[in-house]
Amino acid sequence: MAKKSGKGINYKITCGNCGSHVMEYFKSSPGALKRCFIAHISNPNSFIKTDFTKVENKADLENICCPKPQCQILIAVPMTYKDGRLAYRMLTGKFHRQKMK
Ligand SMILES: [Zn+2]
């Protein structure tokens, strides 16, 4: 899913509280990371049981929480973008993003 060329940036998303790996995300446009379209999510932490390649309905999505048992803060919640694409709304301050090469 992650692209190596063209416009856009691959980000590693980690918990804003404890730094645990959450997932990777390809962002095609600049600016703040307010939402993650599920089609651009890759390498999710194994605690995320959802298979993003097979999701068809918002009801198939669960909240994303930190995988660390002592942490488990809520990081993102399912949403439907205005054009109908499924996405996660990223909660401000609950995650870090780091550019990947
Ligand atoms: Zn955490």
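I began with the open sheet of four strands, whose order is S3-S7-S6-S5 with antiparallel pairing; strands here are DSSP runs of E of at least two residues, numbered from the N terminus, and two of them pair if DSSP finds at least two bridges between them. Strand S3 (35–37) and strand S5 (64–65) stand at its edges with a single partner strand each, so one side of each has no neighbour in the sheet.

I noted that this is a predicted model, in which local features need pLDDT of at least 70 and side-chain atom pairs count only at pLDDT 80 or more, while totals for chains, interfaces and linings use all residues. Residues are numbered from 1 along each chain as its sequence is written.

I followed S5 to strand S6 (residues 74–80), with which S5 pairs in the antiparallel sense over two bridges, and found Cys 65 opposite Leu 74 in S6.

I then looked up Phe 37, which lies in strand S3. Phe 37 counts as partly exposed because 18 C-beta neighbours fall inside 10 Å (20 or more within 10 Å would be buried, 12 or fewer exposed, with C-beta atoms placed from the backbone). Leaving aside residues up to four places away in sequence, Phe 37 touches Arg 85 and Ala 87, contact being C-beta atoms, placed from the backbone, within 7 Å.

Strand S1 (residues 9–15) and S8 pair over five bridges in the antiparallel sense, and Arg 97 in S8 is the bridge partner of Ile 13.

Methods. Contact = placed C-beta atoms within 7 Å.
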